[in-house]
Amino acid sequence: MSIATITRTNYPSPTSQATFLSMLDTAMQVAGFTLFDSKNISTIENRIYSLAVSNAAKGTVYLRMQLTTGMVITARLSALWNTSINTATNEGTVSSNATFSLSSLATISFTAINSAELKGVLIVQNITSFLLGVIRPANLESWYDESQFNFAFTADNSNNPNVYGTTLIPGSVASSWGMNFSSFLSGSNPYNANIRQIRPIEFFHPSAFGSVGYTSNDLVWAACSGISNTGIDELITSNSSYLYLGKSSGQSCALGVRIS
């Protein structure tokens with residue numbers, strides 16, 4: 001078991017992009033990332049966070065967060081980042097975006113999540129949420145060689161169950177991956193009111209080589225029908241608590257990470 005350590009900080013609505021980025025940098029470091037580089041490129045703020053997901057030769061990945069002047073945030077993973085020429089190597093698909101506000105009176109929260117299978121920050125403002133982080137399932141299939149290929153993913157915040165890795169993977173295939181998912185998972189169990197789950201979550205490539213690994217019971221799909229998209233609800237199941245990480249529009253379930 002690898003119960004997540006979470007640290008949630010609520011702030012007044014940031015009045016500048018610089019304030020937002022300072023809050024985010026602090027939260028990402030609490031989650032276990034290193035701020036590897038920070039650049040403004042063509043008016044877009046770039047933060048490159050490095051994370052060692054294993055001790056293997058290709059066990060370190062680089063998460064690039066981009067933030068426009070309009071406060072639109074996206075993220076993607078790469079195998080390497082060159083600080084001299086501001087270029088990523090083997091950079092994967094960009095995640096769906098979210099837009100935050102510098103003028104809203106609502107607070108903004110940054111929840112740092114540090115677990116063996118998910119490290120990152122859940123950003124929430126009003127009904128907008130964005131999970132900036134890296135997922136690495138606990139169980140890797142033996143044939144997948146991490147001395148040559150990356151094994152880490154970032155979530156597509158508005159298109160579950162898609163996840164994206166780097167392009168440093170076996171074969172000439174795209175970097176879009178999938179997870180086992182069922183649209184039938186929605187509400188609580190009528191027998192005992194526990195939140196229903198899919199566990200473990202299996203990761204696979206839809207066009208090549210099938211399953212690559214699966215999570216422990218500490219990272220699950222949780223039913224979320226009727227739950228507001230705040231990303232701060234604690235879901236109870238089987239005497240354990242899971243932090244709900246926000247659902248995609250129209251989806252009936254969302255990722256949950258065990259916190260007790």
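Visitor: In which strand is Arg47 found?
Guide: The model is predicted, so that local features need pLDDT of at least 70 and side-chain atom pairs count only at pLDDT 80 or more, while totals for chains, interfaces and linings use all residues. Residues are numbered from 1 along each chain as its sequence is written, and side-chain values use heavy atoms, with hydrogens and water left out. Strands here are DSSP runs of E with at least two residues, and helices are runs of H or I with at least four, numbered from the N terminus. Arg47 is found in strand β3.

Visitor: Is Arg47 buried or exposed?
Guide: Buried means under 20% relative accessible area, exposed over 50%, and partly exposed in between, with a 1.4 Å probe and protein chains only. Because its relative accessible area is 9%, Arg47 counts as buried.

Visitor: Which residues is Arg47 in contact with, leaving aside its neighbours within four places in sequence?
Guide: Contact means heavy atoms within 4.5 Å. With those neighbours set aside, Arg47 is in contact with Leu21, Asp25, Leu35, Asp37, Ser38, Leu63, Arg64 and Met65.

Visitor: Over how many bridges do β2 and strand β3 pair?
Guide: Two strands pair if DSSP finds at least two bridges between them. The pairing of β2 with strand β3 (residues 44–52) is antiparallel, and it extends over 7 bridges.
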